[in-house]
Each structure stands twice: as structure tokens, then as C-alpha cells.
There are 2 protein chains.
Amino acid sequence: MPYRAPVSDITFCLDHVVGFERVQSAPLFEEATTDVVQAILTEAGRICEEALAPLNRVGDTQPARLENGVVRTSPGFAQGYKAIAEAGFVAISADPAYGGMGLPLTVTTAVNEMMGSACLSLELNPLMTQGQIETLEHHASDAIKDLYLPKLTTGEWCGTMNLTEPQAGSDVGALITKAEPNSDGTYAISGQKIYISWGDHDMAENIVHLVLARLPDAPKGTKGISLFLVPKKIPDAEGNPGVANTLSVVSLEHKLGLHGSPTCVMQYDGAQGWLIGEENKGMAAMFTMMNNARLGVAVQGLSVAEGAYQHALAFALERKQGRSPVDGGTGTIVDHADVRRMLMEMKAEIFASRAMALDLAVTLDLAKAGDTQAAARAAFLTPIAKAYGTEVGIKVANTGIQIHGGMGVIEETGAAQFARDVRVSAIYEGTNGIQAMDLVGRKLMDGGAAAFALLDEVEATGNEVLTPMAQALRKTTEDMLALDMNERFGGAVPYLMAFARVLGAVYHVKAAASGDKARHSLARFHVTRLLPEAHAMMAQARCGAGGLYDLSPDDLAA
Amino acid sequence: MPYRAPVSDITFCLDHVVGFERVQSAPLFEEATTDVVQAILTEAGRICEEALAPLNRVGDTQPARLENGVVRTSPGFAQGYKAIAEAGFVAISADPAYGGMGLPLTVTTAVNEMMGSACLSLELNPLMTQGQIETLEHHASDAIKDLYLPKLTTGEWCGTMNLTEPQAGSDVGALITKAEPNSDGTYAISGQKIYISWGDHDMAENIVHLVLARLPDAPKGTKGISLFLVPKKIPDAEGNPGVANTLSVVSLEHKLGLHGSPTCVMQYDGAQGWLIGEENKGMAAMFTMMNNARLGVAVQGLSVAEGAYQHALAFALERKQGRSPVDGGTGTIVDHADVRRMLMEMKAEIFASRAMALDLAVTLDLAKAGDTQAAARAAFLTPIAKAYGTEVGIKVANTGIQIHGGMGVIEETGAAQFARDVRVSAIYEGTNGIQAMDLVGRKLMDGGAAAFALLDEVEATGNEVLTPMAQALRKTTEDMLALDMNERFGGAVPYLMAFARVLGAVYHVKAAASGDKARHSLARFHVTRLLPEAHAMMAQARCGAGGLYDLSPDDLAA
């Protein structure tokens, strides 16, 4: 069951749902003509179908291995990576001054989606490098940029992000990795980092780590964190990978999924590092990296959902069981109403999450092009897109298993791999709980301005179902604003999900307005069957933390 | 993080929620005194904690293997099985005339829950034998009963059920395995069966297969299916395992979870079999086996939910991240509102599914004791309990991963295994979609009498939130009854889930009435946060199949 890149649906979204033409008309993106964008999407679709999709199962069954301190990647991954790098997919949105294409993040987002559907384990590699490129563009010195960016944009070198430590996960401020000044202006980095995706591998000639660490006498918590660039091999003056730095891979994690992506425990033993940005301002730089990655991870959820859906649909269109309950059916289980319901739900969720990811990407592009309101909109959308997109990935992959019946849990079928691979997406780059806390905390610190502006957009559709829903969500937002922070946190996840449901309906309603009959039917499915869930989500959100502390730890364990 | 058997919560459910005393007061179950039941539950809890729980991880990492045609089980499984058999847990509810304890199915259900939490892979073995014992008790000749039941009740021999074939899964009627009469009154069984749990192993001296097959010239479909008993070794006159039958294990499946449970492809090559029940009446016998198994699988979902919850709670009570947002907290992530919300939701779902499973078991016991109304109630509850219980297993295991953060997807942590192990429970013994179709099809064929009787019970609580919810569900049921069958099928799953939500609330309200403060808080959580979901479920149910066929297969693939 081969992967088929959904270039046409992506194009439809760009044209009819998320207003990509606004990005194209900005002077910054004048190169992003429709012809150019279409050429890239088509080429990306072809590479994903032909070069990457065949690697998906290989990565799962023949995971990356640690051999004598070096990570050996799954068979074929190096060639797949080469195809990605040579097509320029690492640097679609990177600065042309350093070898990037300078195209909108929207194009990167669409290409990432297809790469992730084809082979999520491998896609995670360029995703990390993309984030690193953007971070260096924003925060690094010209010397660092000149030395590293040309290597990163071509994909000759790869980037990683090193945040987590055993005692510092969601609480980044608890990290203890040390950075001590050397006499030459560089720093000696010492400590252990965990969960480092693609922390080492044999597909590139150098690997560049961005590492959060703490300077001597730095303030406690997040205010005392600085960001350092720590290359695996220290470049010589000509930019060739030189001597090995004092860092190593201690071990690889044995994970539920993403077996093709080596997740490393990294040890830094006085490794030479270069400060990126200012001392103790590492969190700001990290957020550049994280925000990019949050959209990227939202898309990973979407990617897996699309892959799992195609896989399940192909199965359903072949599998015969029982008599068809409808005239003129296919004779397969697709004729059965409950299977239809599952397929429609998958498709409706996928469309909503794709539209949301592209909406966010367009908004980020508009912000980059100078639209100041867009920045606030993007900031509000980011946690919603990340949590919703990844929940869609988990849900759709799970439904995909169900459609396969007994074959769904047989590993050779491939349905289960989607569910295993996507699971971590709801956890990394900030758990979905952290996303929701960001939404009701930081993202409502504007007094709800960004939230209300989005709800104005919903009401502007003039849709008779959406308008009352927007009003209810407005009221819920006002209720949230009146609560103490920890009360908000108790209702944060359902609040986020209610917003996602309503925004999803907006995207569907816009798609239906195109006049396409099938899109209208899908929109109707979403509005009549899925949107009503928002009421229960809002009811939950309004509960806040009420009652959550009524049970003592002993009661919880009873 | 060791498993702790929830004997006290089970006892509470029996005493305060599901009216177990009605079973105890039936003459058939006069042996089931509170002392006897408590002794069994306590002993089962001890065995599960001490002998079975340590096997759970072993089964996952060292799966059963096929060696020279014989299945070798995971290390320690044989001893674990011996502990189960010697304690009599295979035959708690079996007929004392053949070595059973003759105790209510309710007791079996409670013990199965604990065995499944401790080691689901291993629990599946006695669960299969329990179903076989019940089937033979109902449908086998005295000669067969005399020969087989004493061996099965002691656990010396194990039982399996052989239904599925590659082309016949949900559509059992499509099976083609042949049964040809031998001259001695036995039959020669030939064909291939797949997904046979514990189809072979080295823990018992004989394995007894119940096999659905088709006699020569049998009617097509389910009306031409007969049930046969096919032993691995043909017993001699003294009941000792004799010569090997002509059947073999072709291969073991490589599954997402339940690695400790060998899932076999079985080949029957003219194997000698004995007819159970009448010719072409195999479906009736099969339903005895299936209905038992459906409650059993509902409990598997509950089992895993309980195991995953205990595992996640223990982690949350140890893991420190960030500052506690509450005074007098534990200093761990349990203090965080969103973690609390997840733990409360897990606990509320677990309680509801435990109560539902025990309610169903009690109802089946009452039916067995002669209560004619109870049979209809049990028939209606069975698909709800199966689908809801297993969805709870999947949901709670998934939430358990989330609470672990990054560690949730690291296999050594154990959180992911719960999710992998439980996934198949929503598929086997009839997918949850099939359960829902059974509910709105067969189980509403009484004109809704059983459904309305249950809703009468809900209204009888007099609860101000439950009563309008019951009325809404009554109206939804009436709407369903007015629909054509395939329209009902389109809304079947959400209809089933709405019923589960409402029944869950009833159990919680009853528990709260006990006066226990923590139970009252948990009930409030369920009623205020989870119950409102039933509205959206009913809205979906009322959609029926509307719009589900609007998209052509090409549209679905677009």
C-alpha cells in the first residue's frame, strides 16, 4: 500500500482555506510564485513517494544501532537523507545568503508533512536542522553563521537540539549542564543530555549540537540558561570538520516507535562550545527553536494521520467481509456504515489539522513579512496546532488499527507502526499539557486579545452553527480570564481542544464554500458530528481545577 | 512499581454498587458467602501481586517462541500458570460435579480482573479455558463432559477457541474449514484457523480446541456452521493424553502487544474431532463461548487500565518537576492541575468500567439463578461493557504514557506495554464496531424493552443530572428504533458510548451515596466533566448513516 502525496489537497488548502496568496503578495516572498511552489510540492511528493516511503518499515524493523560509540542508521536511510538534502528540503525557508531558498515556512510545512507521512523517523532529522538554522539566523554571530549555515542548508551537516536532562524535562529551568569560559572566548560544556533525536549518525560529515547550559554563578531557573553551539567535529578555518570534540553518545533509547530515529543520551565532557546569543538569554533563543519545532511536531501528527488513513483506506477497499448493506457498493468493508464513519472521521480530522498547520505557517510568514498582528495570532495558534495535530495523529492511527481488525495488531501489516511512531509527538517539544498551560497562561496574558480576534474571525464566517459556538467559546474564554492561573490549568487541555474543534469547523466551512460537493459533505460531517464535542470540552474547561485536589494521594491510590 | 490488587474497591463495588447480595441470596449460590468470596479475592490478590505481576515484563521482552512445531512460553509463565491452576482460578464458576467451585461468575470476573492487571498475556490462557468449560457444560454430551471437564477445571488441560480464518473474521459465516464424518461417529477436521490465542504451549499436558467448521452440504453462511472439539492429543479411555492428533501450529504472529501470549496459525489436516451440540447449530454454542469471552475481554480492558493507572500514579508521586502550585502538596507532579485531571479521569473511568463489568457479571449470575428479566438485561449490557471496557483500557493506558512524559515511550519504563497489550481487546471477540451493531441491531429487536428498562433504573436514582440525561437517551433510543438497520449502524458506536457514559454516572452516583468523601468527589468529577460528553455522542448517534455515503471511494482517496 504505497504512500500517495496529497499535493492536491495541500494546494486546495493554500488556495481556498488559509489565504496563502497573502504571503505570495508580500515583497519578502515575491519569489514564491505559484509555479515555483507547485514545482517544489510536486517534486517533494515524488521524492516522498519513491525514495522515502520505502524506508518507513525498514527503519522500524532495523533500528539505528550504537556500534563502538557511533550510530549506524537503518539500511537506506543515508540515501533517503541524501535525496532530501540534494532537493534542498532542509533549507526551503532558510536565508538565500547562506544557501537557503528563502521561501515561505508554509512551503517547508507542506514538504515536511509529506516527508513525515513517508518516513517519520527520517523526517525528524531535517526538522531538527531546520530549527537550528532558524535559531542561528536569529541569534548567532556573523562568524558562526558564515561557518555553519552554508553546511547546514546543504544538509552536509545536521543539527540537533539538546534541552532535556534526567531531572529537567518540562521544567527546563532545572538543568545543570555546566558551561565554563575558556580563555579563547569559547566555553567548556559538561553534562548529560537525554532524548536527543538524531544526536549522532552516519549520514552527514558533521553534527552540530545546540546545547542549553548554565554559566558559573548564573541565576537559578530559566533566567540562568545560555545556549551553546557544540559541534561533533570542530571545524577548521576552511570550514572542514576537524578534530573530534569531547562529546559522546552514551546509549540509544529503546522506544515504542520511531525506531529509525536514534534517540541519544549525550555526554559532554568539557566539550568546546560557542555562545549563541547573550549570556543567560538562552531561553529566548530556545523559544525560536521550540516554536519552529512545535509547528513541525504538529505536522508530524498530521503526517502520521495521513499515512495511517491512506493505509487503512487501501485495506478497507480490498477487504471483503459480509454482505454489502448498500446498493452499488464496492463489495468491500467500505460499504459498512461504521467503517464509513471511521474513515470520514479520520478524513475530517486530517483536513482540519492540515488546514490548521498551514494556517499557522501562513500566519508566521505574514509575521515575518512585517504584519505585527500576525505574530500574536501565530503565538496563540502554536500550542493549539501542536496539541491538536498530535492528538489527531494518535487518534487517526488508532482508528486505522481498528479498521484493519485483527490484522491491525499484526506488525507486518504496518498499521500499528503509525500508532507507535506518532505517540511521542504528544510529548516532545512540550507535552500537550504544557501546550495547553502555555495557551491559557502566556497566550491569554494579552487579556484575551488574540483569542477574541480569532473568535471574531469565526463569527465573520456568518455560519449559523459556528457563530453561537464562537460566542460560547468567547464566554468560556472570559471565564478562564477570571480564574487564578492554577484554576485555568485544570481546564487548559479541554479549553485548547474546544478551540481546535471550532477552528477545525471554520476550515471545513471555508472548504465547503469552494463549491466542491465532497468537501461540502466532509464539512457537514465535521460540523454535525465532531463540532458538538466542543460543548463538553467547554464544560470541562469551565470546571477549572474544581475538585481536582479533593482526593489526597492516599485517596488516589485507594 | 509493583501491582497492588484492588480488593477493597472490588468489594466496595460488590457491596454498594452492583447489589451482589442478590446473587448471594439465590439458592444456587448459597456457597458464595461473604467469607468465602473475601477469602478467594484476598488469595487471588496475593497470587497476582506475588506470582503473576513479575511475569508481565518478561512476557513482553521474551515472547513465546515456536520451536520445531512446539510453542515454548516465556520464562516463568509455566510456574505462574501452575499457581493459577492450583488455586482453582480456572474453574471458580465451573460445575462442582466436574471439579469446579460452583461460585458466581462475579467472583470469576473479579479474579480475572486482577490476573489481567498482573499479567494480561498469561490471563488470556485461563480466560479461554473458562469459556470452553462453560460451552462444554451447556452443549457437550455427558461422555465428552466426563472425559474433558475434570481435566479442564484443574487446569491440567487448557482450552482454545478457533473461529477466525483469513477470509472469515467479523463475517464468521464465511468460514470454510471442513468437517467430514468418520465411520466411528467422529469427524475429520481440515482447514486453517488464524489468531488462535494460546493455540499451543508447554504449560499443560493437553490442549483442547473448539473449532467451528462446516459439514458436507451444510447450508451457506452461519446456518451451516457446526462446533467440534479437537484435542491436541487424543485421550485414551482412562483420560490420559494419547496419540497426537493431525493438527499443527504453522506460525506465531508478531504482534503489537501481548507478546507473552502465543497467537497461532493452526492447521488441521483431517484431525479427529467430536461434534459439540447439534449439526449446523454451532453458532448457538459459539455464542455461549463468545458471550463469556466478551465479559472477559471487557475485564481485560479494565485490567490494563488499573495496571496503567497504578503505574502512572506511582511515577507521578515520585517525579519532581517545577514548583508546586498548591500549598501542602507532595512536591511532585501530582500537585499539577493537569496531572491531577488526568489521574482523576483515569480513576473515574476505571471505577465506571469495573462497576459495569461486575454489574454485568451479577446480572448473568441472576439469570443463571433463574431471573428471566436478568437475561435480557445482561444481553443488552454485554456489548456495552465489552466496547466501553476496552476503550477505557486504551484511553487510560494512553494517558498513562502521557503522565510519564518522555519516559512514557521508553520501553523499559513499562508504560507503553500497557497500551500495546490492551489494543487488541477492542478488536478480538468481535470488534467494538461489531459490538455496537449488535447493540442497535439484535439487542433492540425487543422494541427497546431492555434499553428502556435500564433507563428506568437510571431515572430511579432520582438524580437531578441523571434524570434528564436518561430522558435524552430514551429519546435517542426511540429515534434509533425508527431507523432502518444500516442507518442505525452509522450511529451505533456513539450510541453505545453514550449509554456507557450514562451508566458510568449511575455507578458513580451509587458509590457517592455510600457517604465516602473521596468517592463523592470522584463521582462529581465524572458527572461534571465526563457525562456531558454523552450529549455529543447522542448527537452523533442521531446522525445515523446520514452523509456517510456522500463520498465515493475516489472522494475518500482524494
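Through which surface do the copies, chain A and chain B, meet? In this predicted model, 100% of the interface residues of chain A are also interface residues in chain B, so the copies meet through the same surface.

**Symmetry of the pair**

Chain A is superposed on chain B by a rotation of 180° with 0.0 Å of shift along the axis, and the RMSD of that superposition is 0.0 Å. The two copies are thus related as by a two-fold rotation axis. Among the residues of chain A, the one whose C-alpha comes closest to this axis is Glu533(A), at 3.4 Å.

**The interface**

On each side the contact involves a set of 86 residues: 86 of chain A touch 86 of chain B. The size of an interface is often given as the accessible area lost when the parts come together. For chain A and chain B the buried area is about 7300 Å², of which 57% falls on carbon and sulfur atoms. Helix α18 (residues 517-530) of chain A supplies the largest share of the side of chain A that touches chain B, namely 9 residues. By residue class, that side of chain A divides into 41 nonpolar, 23 polar and 22 charged residues.

**Salt bridges in the structure**

Side chains of opposite charge can pair when their charged atoms come close. Over all chains, the structure holds 58 salt bridges. One of the pairs in chain A joins Arg354(A) to Glu113(A), with 2.7 Å between the closest N and O atoms. Arg354(A) belongs to helix α10 (residues 337-368) of chain A and Glu113(A) to helix α6 (residues 105-118) of chain A, so this pair ties together parts that are 241 residues apart in sequence.

**Annotated domains of chain A**

UniProt, in an unreviewed entry, lists "domain: Acyl-CoA dehydrogenase/oxidase N-terminal" for residues 77-156 of chain A. Its annotation "domain: Acyl-CoA oxidase/dehydrogenase middle", likewise from an unreviewed entry, covers residues 161-269 of chain A. The table gives the secondary structure and end-to-end distance of each span.

| Span | Helix | Strand | Distance between end C-alpha atoms |
|---|---|---|---|
| Residues 77-156 of chain A | 71% helix | 0% strand | 15 Å |
| Residues 161-269 of chain A | 0% helix | 47% strand | 17 Å |

Methods. Residues numbered from 1 in each chain as written. Chains lettered and ligands numbered in written order. Predicted model: local features only at pLDDT ≥ 70, side-chain atom pairs only at ≥ 80, totals over all residues. Heavy atoms only, no water. Contact = heavy atoms within 4.5 Å. Buried area = accessible area lost by both parts, 1.4 Å probe. Helix = DSSP H or I, 4+ residues; strand = E, 2+ residues; numbered from the N terminus. Nonpolar A, V, L, I, M, F, W, Y, C, P; charged D, E, K, R; others polar. UniProt positions renumbered as here; feature names shortened; annotations may be inferred. Least-squares fit on C-alpha atoms with pLDDT ≥ 70 in both. Salt bridge = Lys/Arg side-chain N within 4 Å of Asp/Glu carboxyl O.
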